[in-house]
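Here is a short report on one chain.

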Amino acid sequence: MAIFFGAPIGYGILFAFVYQQAKVTDLPIVIIDQDRSPMSDKMIDAFEDNEGLFVTDVRPTDGNIRAEMPTEQYIAVITIPTDFERNILQKKHPEIRVDLNMTNILNANTASNNINRVLMTLNAGVEIEGLKKQGLHPNQAKDSYESFKINFNKLYNSSGNYVTFMLPGILAAIMQQVIFLAMALVFSRDFESGYFSDLIQESKSSLYHILLKATPFLLMLPIMWFFVSMLFVYFNITVDIFNLPMLVLTVVFTLASMFIGMLFSIAIPSQLKATELLMVISTPAFILSGFTWPTSAIPDVITGVAQFIPVTQFLNGFRKIGFYGGDLASISLELTNLFLIILVAFVSMVVLLQLKINKTKKSSLEEANIA
């Protein structure tokens, strides 16, 4: 009854808070100002005044900006070329280059619209003022303007393929949910059937039983991940997933998901309740992860809770490795958070299971004495 009535209301309120801001703001951009003129300063000010964009840095050269992308994840890099102002005054129509990050199509489209709006407004303003100074009527000046050109260069998902954008996140969420539900039954089933008292006759060590229950899944999950990876090949998803950093991230994500599922199985001695509660966690996980709707637009309380869901860390790391070509250092934060989840879940289930073993053993002895 709690799930039946609580889920629609609870999820409805939760998702309403997630999308409450209704629009994406403060998308991080970098401006490469090679001109360093009053005209380029005016353009930078215009970008800083736009609520949808956040100018994180202004620099004279791009330096090694590609190496920064895995950690900084700029949504766009705008390059103002050398002699920009002089070429405008000489009517040579210089070109502004916008390198657009297409890993998140929603953010890319929002950034593109805001950047285009700023540049077109400046474009029109510069040309109209020039024509008015030449004596042209203001209405006629508005009908003829283009002081500079704009070239959008799409990066990381240049075709804007929605399969490339969405499928990795959906598959990761499915894998987490499958692992959660499978691990939720490993101990709760034994508690319900009473087989747990027979099981502990083999060993009184919680570590022994945890390893015993985990072994079949440790053998089967690599096979599942292999078939999942083949989907990327079959659908021609141009994401770099066959490398060491991705392997490490996947292994740690799998262990974190397994340990959370196993912890619920130990803590809640009911198969139905354990699976229901894990479903409550896993169902909104994909939306809360920030893979599609940016975390900057989600309330801090919700994003804080989402950090303890393994798929959030996995998808953050996946984007850094798969799209940006990052290494292990670039996903150090995600790996640290996943290891923390593993540590807390592992210690909790070892202690809790040992307590249950001792309690079951004590109850068996008392029953034997009475008999």
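## Confidence

Where in the chain is confidence lowest, and where is it highest? It is lowest in helix 6 (residues 138–142), at a mean of 48. It is highest in helix 11 (residues 244–267), at 96. These values are pLDDT, the predictor's confidence in each residue, from 0 to 100. Helices are DSSP runs (H or I, at least four residues), numbered from the N terminus.

The chain has a mean pLDDT of 86, with 91% of its residues at 70 or more. Over residues 140–144, pLDDT stays under 50. The model has seven contacts (heavy atoms within 4.5 Å) beyond four places in sequence for that stretch.

This is a predicted model: local features need pLDDT of at least 70, side-chain atom pairs count only at pLDDT 80 or more, and totals for chains, interfaces and linings use all residues. Residues are numbered from 1 along each chain as its sequence is written, and side-chain values use heavy atoms, leaving out hydrogens and water.

## Helix 7 and helix 11

Helix 7 (residues 162–183) and helix 11 have axes that come within 7 Å and cross at roughly 35 degrees. Axes are lines fitted to C-alpha atoms over the stretch in contact, with angles from 0 to 180 degrees between N-to-C directions.

Helix 7 contributes Ala172, Gln176, Ile179, Phe180 and Met183. Its partners in helix 11 include Phe253, Ser257 and Gly261.

## Ser282

Ser282 lies in helix 12 (residues 271–282). Beyond neighbours within four places in sequence, Ser282 contacts Gln176, Gln177 and Phe180.

Methods. Helices (H or I, at least four residues) and strands (E, at least two) are DSSP runs, numbered from the N terminus.
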